[in-house]
Each structure stands twice: as C-alpha cells, then as structure tokens.
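Here are some exercises to work through with the coordinates open beside you. Try each task first, then compare your steps with the solution.

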Amino acid sequence: MTPRTLLEKVWTEHVVAAVSDQPMDVLYVDLHLLHEVTSPQAFDSLRAQGRLVRRPDLTLATEDHNVPTFGIGLPVEDPDSRLQMTTLRRNCTEFGVPYHPMGDPGQGIVHVIGPEQGFSQPGMTIVCGDSHTSTHGALGALALGIGGSEVEHVLATQTIVLPRPAALAVEVDGTLGADTSAKDLALAVIRALGPNGAAGQVIEYRGPAVEELSIEGRMTLCNMSIEAGARAGMVAPDEATLAYLDGRPHAPRGRDWDDAVRYWASLRTDPGAAFDRTVRLDADTITASVSWGTNPSQVVAIDGVVPDPDSFAGERERRGAVEALRYMGLTAGTPIRDIEVDTVFIGSCTNGRIEDLRAAADVLRGRRIAEGMRALAVPGSMRVRRQAEREGLDEVFRRAGFEWRTAGCSMCTGMNPDRLGPGQRSASTTNRNFEGRQGAGGRTHLVSPAVAAATAVAGTLAAPADLG
C-alpha cells in the first residue's frame with residue numbers, strides 16, 4: 001500500500017461520496033458539538049423544513065460563550081445572553097439533543113468537556129460551529145470548525161461536504177525547557193508560519209518535543225492551529241493518549257476498548273508518507289513568549305523588546321506592526337518586562353484545564369497579586385473546577401487575590417460580563433489578541449498560565465523566575 005499520513009487515514013475512513021468534478025468529499029461526522037452562539041439559526045431552519053436531527057446520539061450541546069462565571073443559580077442579567085441560553089435549551093429539548101446547561105456537573109467549554117468526558121477519540125471526525133474545534137485533534141481526531149449553514153447540514157444529514165485539504169507537517173526537534181510550555185510552543189509555531197501561513201491545510205505536529213507534551217499540552221498546541229490559518233491540527237495517538245482516555249465516562253470499555261486500541265494503533269503516519277509541506281522548529285531555542293501586537297503571530301520572547309516596525313522586511317508586516325503598536329499603546333524598543341498590566345485572565349479552551357491551573361497555582365503559592373490588579377481564574381469546565389477544589393488550588397488562587405469562578409469562556413470572548421474596558425491591558429492565557437477581542441478598546445497580551453500568574457504578582461509582564 002502507498003504510505004499514508006494520519007490525515008489521509010482518517011479522511012479516507014469517513015468518505016461517504018466524492019463530489020463529481022471537484023476535489024471535495026462528503027464526510028461522515030462522528031461527533032457534532034454545539035453551543036448557544038452558532039446553533040439557533042440551524043435549528044430554526046430544521047424546524048421550518050419539518051426536519052429532525054438525524055443522529056442526536058452523536059450530538060452534544062453545552063452552554064459556554066455567554067455563561068456568566070459567577071452567580072450560578074441566579075437569573076442571567078444580560079438579555080442577549082439569557083435569550084441564547086434559553087433558546088439552546090428549548091432547541092435541544094425539542095430535537096432530543098443531550099445538553100449541559102449552566103451549572104450542570106458536565107457543563108463547560110465545549111472543547112474542554114469533549115476530551116475530558118471521553119467523547120473525543122482518535123480517528124474520529126469532529127465538528128463544531130467554533131473555530132477552535134481543532135483542540136480535539138490532540139487525540140488524533142480530525143476536528144474542524146464549521147459555519148452556521150454547515151451546522152444545519154450536519155444536524156440534518158450527519159455529513160459535511162469539504163474540500164480535500166493539504167497536509168502540513170510541523171516537526172519539532174529537541175526538548176522544551178523547564179520554564180517553557182505548550183503555549184510558548186504554539187506561539188512559536190504561529191510566529192514561524194505567520195497568521196495565514198497554513199491556510200486551508202491540516203497540521204500534523206510531530207517530533208520528540210511534541211511527543212513529550214502531555215495530552216492537555218497537545219490540546220493547547222492544536223487549539224491554536226487556527227491562528228496560523230490552518231483548517232485543523234492533529235497529533236498521532238500514542239501510549240499517552242491511551243492513558244488519558246482509559247476510564248473516562250464515554251470512552252470504550254472491555255472488548256470495545258481492546259478493539260479501539262487496535263484501530264488507534266494504526267493511525268500513525270506511515271514511514272515514507274508524503275506531506276505537501278514540512279516546517280521544522282528546534283524546541284531548544286523556544287523560550288517563554290508574549291504577544292505584543294494584535295494577532296497571535298506578533299510575538300517576542302519575554303526577554304525581548306517591543307519590535308521596531310522598520311525591522312520587518314515586508315511592507316504589509318511593517319504596516320501591520322505600526323497599526324498594532326498604535327492600538328496597543330506601545331513604543332518600539334520598550335522592554336517587554338516594563339509593560340504594566342492591570343488585568344490577568346487564566347482560563348479558556350486554550351489554557352483552562354487542570355494542568356494549566358496547577359501551573360499557575362505553583363507560581364502563586366505564598367504570594368499576592370499586585371495592588372490594583374484584577375485577576376480571574378476560570379476553570380474550563382465544572383469537572384476541572386471540582387478537581388481543582390479537591391486539590392486546594394481554589395484556595396491558592398483566592399489567597400493570592402484572584403477571583404475564583406465557575407466554568408465558561410469568560411473573558412476570552414468578551415461576550416459576557418467578564419470583559420476589558422477601553423485602554424485596559426491584560427495578560428491572558430487565551431488564543432486571540434485581536435482588537436476588541438476581550439472588550440472594546442481592550443489590549444491583550446497572550447501568555448502561558450505560569451507567565452500570567454507571575455505577571456499578576458509583578459504588575460508588569462514577568463516570568464516566574466523574575467519573582468525570586
């Protein structure tokens with residue numbers, strides 16, 4: 001047989017039919033995830049046509065984007081958020097789709113609850129009306145963000161029509177340093193590729209540095225694939241994947257587990273398989289990083305300075321840097337460690353898992369945040385929150401001066417009460433630093449959980465080692 005990549009294997013397994021005269025296929029969908037923002041129109045269209053959800057048993061909904069992360073049990077104050085949440089509940093009840101409402105033990109950010117409950121598995125096709133669906137690719141799934149009309153199509157048919165993507169290998173040699181995280185690696189990849197450098201491609205992350213990451217670290221890496229324009233990110237399943245999935249509520253059991261493990265073992269890219277493109281990085285050169293601009297490729301080491309726009313070779317990059325510095329209120333040549341921050345956010349589908357909270361708590365233990373600092377710790381799911389509280393992490397955050405919240409997207413999206421005001425500056429463990437992303441006029445620096453925690457204590461962008 002011709003050697004095949006991980007992408008080719010998963011894609012081929014799910015082709016229902018080829019689209020004649022076009023490089024497109026109809027793919028079967030194994031898991032369809034929904035939330036309250038992108039699903040209402042799809043359900044309205046089904047209702048208008050008198051159609052049902054074809055496979056409600058392969059569909060799962062949760063409330064995450066609009067959920068307030070405090071005051072669980074109280075009425076939702078924002079009328080738009082309240083409407084979207086009640087609409088999701090009504091639609092799921094009417095169409096028989098399982099869902100986790102605010103405060104439910106299984107509720108959380110859609111890209112956190114899928115893996116943690118064992119819904120997301122190697123070799124699956126997974127779709128959701130959310131760009132960061134690529135997170136689930138950390139388990140060896142082909143996970144894709146889709147648009148509103150595609151959400152309707154999947155609900156009605158359990159299939160999706162997609163162009164065949166190119167395969168991009170990102171090979172990461174070497175070993176990440178002790179103070180360097182999966183978030184720093186993700187930012188390094190985006191910096192190397194550029195904000196649209198992987199457009200239309202599916203990235204397979206490979207190499208020793210990737211294999212050494214925990215599954216949650218791989219989720220962070222795959223989550224941010226979209227910020228380089230990629231269609232998805234994937235990591236081949238291995239022993240770490242099996243250890244992560246074993247015993248999770250919706251993972252296979254008994255003989256089904258044995259069968260699944262045999263299939264999952266076949267999903268690694270074959271020796272000699274051809275990628276359309278390969279990019280290589282050296283993990284030994286990657287350090288703790290901070291974004292300085294208004295897209296996630298505008299990144300510099302925390303030891304560095306705000307770059308001079310004239311240092312960029314291309315005219316587009318120079319113009320982009322000028323506009324980014326204007327919006328961010330920064331001056332070229334300013335040391336990154338001199339940038340004052342008034343808000344710290346730890347959470348999101350990028351860095352809201354238990355390992356992320358542990359990393360931040362390790363920095364905060366025995367310390368207090370800077371005077372005037374607003375700091376939020378928002379678990380990615382209710383299960384993560386309960387685990388953190390069993391470990392006493394909530395007390396570490398509270399004693400340090402953080403607000404300890406319930407699960408939701410929170411300040412990542414600015415679609416809820418947790419948002420920045422004009423001119424406020426955050427160190428955030430999220431995935432996007434676009435203009436206004438965390439609130440109109442808000443300024444966002446993307447960082448790892450450990451750097452976020454150190455920044456909260458220092459009052460300026462800082463690494464844990466800076467705290468002494």
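**Before you start**

This is a predicted model, in which local features need pLDDT of at least 70 and side-chain atom pairs count only at pLDDT 80 or more, while totals for chains, interfaces and linings use all residues. Residues are numbered from 1 along each chain as its sequence is written, and side-chain values use heavy atoms, with hydrogens and water left out.

**Exercise 1. Which residues touch the most other members of the largest nonpolar core?**

Step 1. Buried means under 20% relative accessible area, exposed over 50%, and partly exposed in between, with a 1.4 Å probe and protein chains only.

Step 2. The largest nonpolar core has 74 residues, and Leu 142 and Tyr 205 touch the most other members. Helix α6 (residues 182-193) gives the most to this core, with 8 residues; helices (H or I, at least four residues) and strands (E, at least two) are DSSP runs, numbered from the N terminus.

Step 3. List the partners of Leu 142, where contact means heavy atoms within 4.5 Å. Leaving out residues up to four places away in sequence, they include Leu 7, Val 10, Trp 11, Met 124 and Ile 126, as well as Val 202 and Met 234.

Step 4. Another core, of 51 residues, lies apart from the largest one; among its members are Ala 321, Leu 325, Ala 427 and Val 457.

**Exercise 2. At what angle do α6 and α8 pack?**

Step 1. Axes are lines fitted to C-alpha atoms, for helices over the stretch in contact, and angles run from 0 to 180 degrees between N-to-C directions.

Step 2. For α6 and helix α8 (residues 215-223), the angle is about 25 degrees and the axes are 8 Å apart. Angles under 35 degrees count as roughly parallel, over 145 as roughly antiparallel, 65 to 115 as roughly perpendicular and the rest as oblique, so α6 is roughly parallel to α8.

Step 3. Find the residues that make the contact: Ala 182, Lys 183, Leu 185, Ala 186 and Val 189 come from α6, and Gly 217, Thr 220 and Leu 221 from α8.

Step 4. α6 passes α8 in a right-handed crossing. A crossing is left-handed if the near helix is turned anticlockwise from the far one by less than a right angle, and right-handed if clockwise.

**Exercise 3. How many residues of α16 are buried, and what do they pack against?**

Step 1. Helix α16 (residues 449-458) is mostly covered, with 8 of its 10 residues buried. Among them are Pro 449, Val 451, Thr 455 and Val 457.

Step 2. These buried residues pack against β15, α12 (348-351), α13 (354-364) and β18 (425-428).

Step 3. Take α13 as the partner: α13 and α16 pack at about 35 degrees, with axes 8 Å apart, and their crossing is right-handed. Asp 356, Ala 359, Ala 360, Val 363 and Leu 364 in α13 meet Pro 449, Ala 450, Ala 453, Ala 454 and Val 457 in α16.

**Exercise 4. Is Gln 158 buried or exposed?**

Step 1. Gln 158 lies in the loop between α5 (148-157) and β8 (159-163).

Step 2. Gln 158 counts as buried because its relative accessibility is 1%.

Step 3. Other residues touched by Gln 158 include Leu 27, Asp 30, Arg 54, Arg 55 and His 153.

**Exercise 5. Asp 21 and Ser 410 each have a positive phi: is each one buried or exposed?**

Step 1. Phi is near 65 degrees in Asp 21 and about 55 degrees in Ser 410; neither residue is a glycine.

Step 2. Asp 21 is in the loop between β1 (15-18) and β2 (24-28), and Ser 410 is in the loop between β17 (403-404) and β18.

Step 3. At 83% relative accessibility Asp 21 counts as exposed, whereas Ser 410, at 0%, counts as buried.

Definitions and conventions. Core = buried A, V, L, I, M, F, W, Y, C linked by side-chain atoms within 4.5 Å. Contact = heavy atoms within 4.5 Å.
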